[in-house]
Amino acid sequence: MSSQARWTYPTEIRIGAGCVAELGDACRRHGIERPLVVTDPGFSQLPVMATVLAGIGVTAPVFHDVQPNPTGANIDAGVEVFRSGGHDGVIAVGGGSALDAGKCIALMAGQSRPMWDFEDVGDNWTRVDVQGIAPVIAVPTTAGTGSEVGRAGLVIKEDESRKVIIFHPKMLPVAVLADPELTVGLPRVLTVGTGMDALSHSLEAICAPSFHPMGLGIGMEGCRLVLEHLPRVVADPGDLESRTEMMAAAAMGAVAFQRGLGAMHALSHPIGAVFDTPHGMTNAVVMPYVLQSNAASIKAAMESLGAYCAIAGGTAGVIERVMRLRDEFGVPNTLLGLGVDPAAVDRIAAAAIVDPSAAGNPEPLTIEKAARIFSAACTGRIEDLRDT
C-alpha cells in the first residue's frame, strides 16, 4: 500500500510523510508571496515548527495568539497582523483551533463588516466580499477536526459565551499538506481527543437523515479507518502508516458531515463555549449517550456500520464498541470528568436546540431531549435514555 498520494477532492490535498517540504511550491502555485503563518502557542514552540517554516522557503512571520477555543479577539488580533504586514495569504498550521482561526483571519482580511455578520444562518454568507478573502494553505498537525477541508470556522463570541460557525464556501483552503510526521509528537490525550472527534463526524454523518449517498459512503469508511487505526497510533505513536490513515479519516469525516451532524455537536458546542472543554473529548464523552437517545431512528445505519466494520449487535454493539474504546483510551465516562457542572442543564439544552448541528439529528432535538442527554452524560446513566 502506498502512503503517498495527491488528491483534488474536495480541494488540492497532498498526503504523506515529509510532504510539508512542499509548502513553498504550494504557495507559488496559488500566488502567495507574503504568507502569514497562523498557529497556536504550543505548536509554535515545538522543534517541528522549524521544519514547517523551512518548507515555506521564504521568511514568514508567525501569529500564535490563538486559544484552544478561538475567540473573536483572537481573530481581530490576527487580522491586524495580516493587514499591517501586507500579507497576501495564510498558512494555517495546527489542530482545529489554529486552522479555524487561520481561515477566519483570511476571510476577514478584506472585509468591512463585523465577522458575526457571517454566522452560518440563512444566507448570511452572501454578505461576504469575496474579493477580500485571502487564500489559505492548511497544514493539519492533528487527525481529528478535518478543518483543513472545511468551509467554516468555529469562534467563541465572548459577550454571549457562544460558539458561532462562520461560513463561506471560499473559506475552503486552496491546498492541504497532510504530513503524518507532524502528528508523531502529539500528546496522547490530544491524539485520543482529536481521533474521537474524527469518529464523531463520520458517525453523525451516517446517522443524518438527509439524502447524500456520497457523504454516507465516505462516512462509513471514515468510521472504519478510525476504529482500526486510532488504537494503533495510541499504542504506537510512531506508526506512520496508521497516522496517515488517521489523517485521511479526519478529512473524510469533515467531507462526510456535509450530510449533517447532530446532537453530539449540538451539545458539545455550547458545553465547550461555557466550560472551555476540548471539543473532541467532549464529543467522545457524549457520543454513546447520543447514540442511545437516537437508537430508534438509527437502526439501519448502525446495522450497516456493524456489517462493514464487523461489529455485532446493531446499535447496542456499536455503543459497546465506543464505550470500550473510551475505557481503553482513558476518556471520562461522564461530563463531570471534564469539569462540567450538571446544574447548567437548562442553559446547555436551550443552546443545543438552536445550534446549526441540531438540524441533522435523526430525531427532532427538543429541549427535553437535549436536557435528558446532557443529564445522562453527567450521571453516567445511559439506561435513562433507553426507550425515550
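Colleague: How are α6 and α7 oriented to each other?
Modeller: In this predicted model, the axes of helix α6 (residues 188-207) and helix α7 (residues 213-235) come within 8 Å and cross at roughly 160 degrees. Angles over 145 degrees count as roughly antiparallel, and α6 and α7 are therefore roughly antiparallel to each other.

Colleague: By class, how many nonpolar residues does the contact of α6 with α7 have?
Modeller: On the α6 side the meeting residues include V192, M196, L199, L203 and I206, and on the α7 side they include L216, M220, V226, L227 and L230. By class, this contact of α6 with α7 has five polar residues and one charged residue, and its nonpolar residues number 14.

Colleague: In which kind of crossing, left-handed or right-handed, does α11 pass α12?
Modeller: The axes of helix α11 (residues 299-309) and helix α12 (residues 314-329) come within 8 Å and cross at roughly 60 degrees, and these two helices are therefore oblique to each other. As for the hand of the crossing, α11 passes α12 in one that is left-handed.

Colleague: By class, how many charged residues does the contact of α11 with α12 have?
Modeller: From α11 the contact draws on K299, M302, E303, L305 and C309, which meet G314, T315, V318 and R321 in α12. Sorted by class, the contact of α11 with α12 has four nonpolar and two polar residues, while its charged residues number three.

Colleague: Where does A310 lie, given that it has a positive phi although it is not a glycine?
Modeller: Most residues other than glycine have a negative phi. A310, however, has a positive phi of about 60 degrees, and at 70% relative accessibility A310 counts as exposed. Its place in the chain is the loop between α11 and α12.

Colleague: What is the relative accessible area of T277?
Modeller: T277 is found in the loop between α9 (263-275) and α10. Leaving aside neighbours within four places in sequence, T277 is in contact with N69, I271, G272, T282, L338 and V340. Buried means under 20% relative accessible area, and T277 is buried, with a value of 1%.

Colleague: With the side chain of which residue does the side chain of S293 make a polar contact?
Modeller: S293 lies in helix α10 (residues 279-293), where S293 is buried, with a relative accessible area of 2%. At a distance of 2.7 Å, the side chain of S293 makes a polar contact with the side chain of K369.

Terms used:
Residues numbered from 1 in each chain as written. Predicted model: local features only at pLDDT ≥ 70, side-chain atom pairs only at ≥ 80, totals over all residues. Heavy atoms only, no water. Helix = DSSP H or I, 4+ residues; strand = E, 2+ residues; numbered from the N terminus. Buried < 20%, exposed > 50% of the residue type's maximum accessible area, 1.4 Å probe, protein only. Polar contact = N/O pair within 3.5 Å; in protein donor to acceptor, adjacent residues only side chain to side chain. Axes fitted to C-alpha atoms, helices over the stretch in contact; angles between N-to-C directions. Parallel < 35°, antiparallel > 145°, perpendicular 65-115°, else oblique. Left-handed = near helix turned anticlockwise from the far one by under 90°. Contact = heavy atoms within 4.5 Å. Nonpolar A, V, L, I, M, F, W, Y, C, P; charged D, E, K, R; others polar.
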